[in-house]
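I opened my notebook to go through this model one topic at a time. Here is what I looked up, in the order I looked.

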Amino acid sequence: MPLFEDLKVFSGNAHRDLASDICSYLGVSLGSCDVFKFSNDQTFVRILENVREKDVFIVQTLSEPVNDHLMELLIMIDAARRASAGRITVVIPYYAYGRTDKKDQPRVAITARLIADFISVAGADRVLTMNLHAGQIQGFFNIPLDELTAIPTLAANFEERGVGNLVVAAPDVGGAKKARDMANLLDANIAIVEKQRIGNEDRVEAMSVIGSVEGKTVLIVDEEIDTGGTVTAAAQILKEQGAARIYCSVVHPLLSGSASSRLADSPLSELVVTDTLPIPDEKRFDRMRVLPISSMLGEAIHRIHSGLSVGAMFGHQQ
Ligand code: R5P
């Protein structure tokens, strides 16, 4: 017996296709609400159906324009709270601002924490998200948070090809744990690319590779591709070090600016991403494959609504 009454799913404007796919998995209709901007650039939200005592899920990935989509999310939470929703869970497949999660230079903000505070203060009761930039961001929230991972989905997709002689590569030192998790699933060794970011700009230099990739098929793993600088620099140095073929699996395809053309011109044989973010046609290219993750999000929503274990989806003890 669910703890709260009927399940209701609403979507902001960030990725309505994903919200519709989640609703198809759950066998419910997408909730009706107005979310638009007035000509003065201010956002207006009105929920167009009764949510009193309902179990409300608001789906809003933090895609471009990030600040507008964040504001929509906060206003939707406020609208649901003032409409007496029983419980409000925000479903944020991609959590933006997560890369700034510590003071690693003087006089900078910790935006990953600031956004968590916004969401809690607006009135959310729970958060459902996927592959945060760093696991400790979970602790920036004082409300329960479930973090799903697409790594097993990406690993299963790669496994289907039956590629042997595989090395999983982290494109920077910070990504070593993600590479290890993927390598464990694929029974492969790991390599680590040592990267340097020049200032706060998007320019990335790959300095060296820790581990041997000579003659191997290499799978680069990362949680996000933003400008594509990290992955293309890693692919280049891996090729120089003798990698036979280079693939890349990434959870969140931000693909900012000219990332797609940069990736299309890189030595990558294939790029596999998920649809946590919308990918317009002009950002797609032949060697890109998109894996849907709506069923994973839908299953997690079903479990949260029904009081079932979410960890059990990933083989954790119930
Ligand atoms: C950084 O720590 C992340 O894991 C990604 O490597 C980074 O966000 C990718 O950014 P870009 O594609 O702009 O190099």
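**Cysteines.** I began with a definition: a disulfide is a pair of cysteine sulfur atoms within 2.5 Å. This is a predicted model, so I kept in mind that local features need pLDDT of at least 70, that side-chain atom pairs count only at pLDDT 80 or more, and that totals for chains, interfaces and linings use all residues. Residues are numbered from 1 along each chain as its sequence is written, and side-chain values use heavy atoms, with hydrogens and water left out.

How many disulfides does the structure hold? I found zero. The sulfur of cysteine 23 has its closest cysteine sulfur in cysteine 33, 11 Å away, which is too far for a bond. I noted cysteine 23 as buried, at a relative accessible area of 3%; cysteine 33 counts as buried too, at 14%. (Buried means under 20% relative accessible area, exposed over 50%, partly exposed in between, with a 1.4 Å probe and protein chains only.)

**The sheet.** Next I traced an open sheet of five strands, paired parallel in the order E1-E4-E5-E6-E7. Strands here are DSSP runs of E with at least two residues, helices are runs of H or I with at least four, and both are numbered from the N terminus. Two strands pair if DSSP finds at least two bridges between them. The edges are E1 (5–11) and E7 (145–148), each pairing on one side only.

I then stayed with E4 (residues 54–59). Six bridges join E1 to E4, with lysine 8 partnered by valine 56. E4 and E5 (residues 87–92) pair over five bridges, and isoleucine 58 stands opposite valine 90. Buried or exposed, what are the residues of E4? Lys54, Val56 and Ile58 point one way, Asp55, Phe57 and Val59 the other, and all are buried.

**Helices.** My last stop was H2 (residues 66–82), which packs against H3 (residues 111–122) at about 25 degrees, with the axes 8 Å apart. That makes H2 roughly parallel to H3. Angles under 35 degrees count as roughly parallel, over 145 as roughly antiparallel, 65 to 115 as roughly perpendicular and the rest as oblique. I took axes as lines fitted to C-alpha atoms, for helices over the stretch in contact, with angles from 0 to 180 degrees between N-to-C directions.

Contact means heavy atoms within 4.5 Å. The residues making the H2–H3 contact include Leu70, Leu73 and Ile77 of H2 and Ile115 and Phe118 of H3. I also saw H2 lying across E1, E4 and E5, running at about 165 degrees to E5.
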